[in-house]
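Today I'm looking at pockets and the ligand.

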Amino acid sequence: MSTEISLTRTHAPKARPDDASLSFGKVFTDHMFLMDYEEGRGWHDPRVVPYGSFTMDPATSVLHYGQAVFDGLKAFRGPDGKIRLFRAERHARRLNKSCAALCIPEMDADLVRRSFEAIVGVDHEWVPSAPGTSLYIRPTVIATEVMLGVHPAHRYTYFVICSPVGSYYKEGVKPVRILATDKYVRAVAGGLGEAKTAANYAASLAAQRDAERQGYTQVLWLDAIERKAIDEVGTMNIMMQIGDEVITPPLAGTILDGVTRNSILQLLRDWGVKVSERRITIDEVMEAGRNGTLREMWGTGTAAVVSPVGELGYKGEKIVISNGQTGALTQKLYDAIVGIQYGRTNDAHGWTTEVKVPVEA
Ligand SMILES: *Cc1c(COP(=O)(O)O)cnc(C)c1O
């Protein structure tokens with residue numbers, strides 16, 4: 001079934017920033033995608049409209065109880081001028097998974113995928129073309145029922161906004177310093193760790209602030225029970241190479257099923273690298289750091305693709321990884337993913353989809 005997406009164009013297009021001035025998530029395009037849910041009626045009225053503010057009753061439930069989920073993906077303009085989305089279908093399915101975790105009614109995943117194409121198609125001129133730049137797409141669902149009772153809302157709004165973003169690495173891939181914390185935790189099995197939800201981000205802020213105060217870039221999260229097993233880094237998935245094995249924590253209830261994580265594991269397997277999705281403790285990692293078998297460590301996520309870890313701190317001890325440089329495997333993974341995203345290399349797994357630019361009326 002194909003639901004029509006209606007389009008109302010803006011009469012007041014904004015000036016577009018030049019590619020060199022772009023940062024992250026500060027300017028937004030001319031349009032947004034909207035769709036509403038009402039109990040009894042279901043999801044309805046998918047539409048592209050001029051970008052603008054919402055008016056909300058102060059008793060709108062999302063403002064009180066945080067029933068909100070989101071996702072994040074990117075559109076890339078290749079040297080061939082074509083615009084490609086990276087793994088749009090997987091992002092659409094994950095948004096629905098996040099919805100399910102927060103008792104938000106799921107959407108038609110194909111319509112969600114088409115919502116990405118529709119908004120990028122209408123705002124295609126906003127997809128920057130300087131190397132490393134992209135259009136960040138932020139689909140979000142919020143509870144919009146006006147009520148203070150604690151129960152799943154009967155009304156929701158799905159919206160998609162887009163922001164042209166600059167290159168994450170303006171001067172080449174750069175390693176970060178991370179601090180393992182056993183003071184704070186981000187998720188427990190049975191909780192919301194598997195969902196991309198506002199609450200997880202709110203819960204991460206105090207730990208992040210403390211890490212920064214100690215001179216670190218990011219927090220390395222440990223499991224909530226024993227505070228030993230490695231979980232994620234900041235808001236990225238974590239991987240490390242110890243000897244010849246690449247290890248990443250399993251999707252066992254606390255970890256977000258990252259699209260970048262999944263793509264990198266696939267590439268490593270394609271290349272014949274030994275990959276283990278298994279529990280690994282901070283003690284094991286520190287020991288590997290001391291005995292020289294910890295070769296590389298990196299975070300994975302849409303914003304950065306990979307974020308190499310140059311230094312790991314834990315209980316006052318510091319381990320320097322890859323001499324504080326970007327490791328060879330980390331760099332190779334970065335180059336491979338980025339090559340596919342910009343259409344420069346063969347997309348063997350069919351991860352990208354081209355966005356057709358609509359014929360202007
Ligand atoms: C978004 C996110 C990631 C990375 O997922 P990608 O799909 O690779 O962008 C990892 N961990 C958390 C907690 C996240 O919110």
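How many nonpolar, polar and charged residues are in the lining of the largest pocket? I'm working from a predicted model here. I got 15 nonpolar, 18 polar and eight charged residues for that lining.

Next I looked up the volume, and the largest pocket comes out at about 910 Å³. Its lining runs to 41 residues, and Phe 24, Tyr 201, Thr 235, Met 236 and Ala 303 are the closest to the pocket centre.

Then I checked where the lining comes from. Domain 1 (6-166) and domain 2 (176-326) each give at least three residues to it. By element, I noted at least two lining residues from each of strand E7 (134-143), helix H4 (198-202), strand E10 (218-222), helix H6 (259-270) and strand E15 (294-301).

On to the ligand. I found 16 residues around it, with Lys 196, Tyr 201, Glu 232, Thr 260 and Thr 302 coming nearest.

The side chain of Glu 232 puts a polar atom 2.4 Å from a ligand nitrogen. For Tyr 201, a polar side-chain atom sits 2.5 Å from a ligand oxygen. Lys 196 has a side-chain N or O atom 2.7 Å from an oxygen of the ligand.

Last entry: the ligand on its own exposes 380 Å², and I see 96% of that buried by the protein.

Conventions
Residues numbered from 1 in each chain as written. Predicted model: local features only at pLDDT ≥ 70, side-chain atom pairs only at ≥ 80, totals over all residues. Heavy atoms only, no water. 1 Å grid on protein atoms, 1.4 Å probe; cavity = no way out; pocket = protein on both sides within 12 Å on 5 of 7 lines; lining within 4 Å. Points joined across faces, edges and corners; volume = space filled by probe spheres on them. Helix = DSSP H or I, 4+ residues; strand = E, 2+ residues; numbered from the N terminus. Nonpolar A, V, L, I, M, F, W, Y, C, P; charged D, E, K, R; others polar. Domains from an automatic or database assignment. Near = heavy atom within 4 Å. Polar contact = N/O pair within 3.5 Å; in protein donor to acceptor, adjacent residues only side chain to side chain. Areas by Shrake-Rupley, 256 points an atom, 1.4 Å probe, with all protein chains shown as cover.
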